[in-house]
Amino acid sequence: MSDKNAKRFIFISLLYPLPFVVIVFGLIYIYDPFQIFHKPYFREVTFFKDMRKQALGIIKHYKFDSYIIGTSMLENTDSKEATNKLNSDGRWINISLSGSTFNQRAMVLDYIFQNQNPKHIIYSLDGYYMVNMVNRLSNSTLDWDFLYDNNPYNDIKLYRNSKFMICALKFSDDKGCVGTIDDIYQITNWYKEYKELFGGFDNWIKNKDNGTIKQTLIDIKNGNIKNIEKEDIRDISPQQDYLHKYLIRFFRDYPDTKFSIIIPTYSRLFYRMQNIETIYNDNSKFFYTWEKSLRYFITQSSSYKNVKVYGFDELDYADDIANYRDLPHYNKDLNSIQLDAIKNQTNILTPQNIDKYLATLEQKIKSYDIKPFIKALENIEIEQIKQ
């Protein structure tokens, strides 16, 4: 074969699959299960629960101008209830990212502000992630961050895998292909999934094999529970830098947007557990690092007229374990209480009341009676979690 014919053969070989590639990617664009490029064509409107990937389509293609963007602690906040109670602030949608760090949510916030002028943002200031952010800063393993870089040409990477290619070729309406949710207002709601765990410690025992509470019951039974003792936390500069880089800068850069910052109300029992998964593995250091970080945040945020911080740890709500499905996650009624506070301008934390607020929280944790939990587990057998 001559060089000329060889080159022609190679060119044709490379060109031959091109129509197939164009057809497949064209079909993927039309199919677009996450609604990255457009609302659904030729199928019902459905959504995925994976809000890290799903949020982009909602932001781009649906007419909302106020956003709830928290962790699982805000996922049960009802968008319609927010619209009704805060109706002067626009039309609300909940795009909370379960288990999200501040830096992950900052990517979504950056995208929103680069493409819209939102009226109001409700955001959860999670103590767990603030204290532990040192170990959670890396974005190297994320498989979705490219969606929020304002480059629409690389968004197709989300579908560049066998699963979605097969789904697109079949134009399947299977839930695994197009998502399980048909109501945009119910995407983040997890209450029904865990409903049986609310109602009291007896319900936890009845569901002792449930992964969300099993380790907690084992730790209580094994005595891994203690009171907090004063720790002299001198250096919170990592937490301070984290707050400025991934949250406070939004207050400064977007003064026309209201920010309502919610402090999630963990159960009192959460703070008494010695084996809280923290960078310290010590509940006292965790609490006093969080306390000092929160005090710093309140001081910093008070400089911005568009920011209000809401705290609910003074309430008796966190004393009752019946309000929790596990150590940190509260019932949906507290989400309604949070909206009421924003509406009525109550429960606001300021530099003038933060010391009293934190002293009350500390006292409530220290005086919390754990004996009933220990006694309830005396004759309960719990299989150890296999490592």
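How many disulfides does the structure hold? The structure holds one disulfide, a term for a pair of cysteine sulfur atoms within 2.5 Å. Before the tour begins, note that this is a predicted model, in which local features need pLDDT of at least 70 and side-chain atom pairs count only at pLDDT 80 or more, while totals for chains, interfaces and linings use all residues. Residues are numbered from 1 along each chain as its sequence is written, and side-chain values use heavy atoms, with hydrogens and water left out.

**The whole chain**

Helices (H or I, at least four residues) and strands (E, at least two) are DSSP runs, numbered from the N terminus. Of the 387 residues, 52% count as buried, that is, under 20% relative accessible area with a 1.4 Å probe, protein chains only.

**The disulfide**

Select cysteine 167 and cysteine 177, which the disulfide joins with an S to S distance of 2.0 Å. Cysteine 167 belongs to helix 7 (residues 162–170) and cysteine 177 to helix 8 (residues 175–178), so the pair ties together parts that are 10 residues apart in sequence. The torsion about their S-S bond is about -70 degrees, so the disulfide is left-handed. Both cysteine 167 and cysteine 177 are buried.

**The largest cavity**

Next, select Ile68, Leu74, Thr77, Ile122, Ile262, Gln338, Leu339 and Ile342, which line the largest cavity. On a 1 Å grid over the protein atoms alone, a cavity is a set of points where a 1.4 Å probe fits but cannot get out, a pocket is an open set with protein on both sides within 12 Å along at least five of seven lines, and lining residues have an atom within 4 Å of a point. The largest cavity holds about 30 Å³ of space; grid points are joined across faces, edges and corners, and a volume is the space filled by probe spheres set on the points. Which helix gives the most to this lining? Helix 15 does, with three residues. The lining has six nonpolar, two polar and no charged residues. Here Ala, Val, Leu, Ile, Met, Phe, Trp, Tyr, Cys and Pro count as nonpolar, Asp, Glu, Lys and Arg as charged, and the others, Gly among them, as polar.

**The second largest pocket**

Finally, turn to the second largest pocket, with a volume of about 340 Å³. Of its 20 lining residues, select those closest to its centre: Asn76, Gln186, Asn189, Trp190 and Tyr191. Helix 4 (79–85), helix 9 (191–194) and helix 15 (332–344) each supply at least two residues of this lining. By class, the lining divides into four nonpolar, nine polar and seven charged residues.

Key: Buried means under 20% relative accessible area, exposed over 50%, partly exposed in between (1.4 Å probe, protein chains only).
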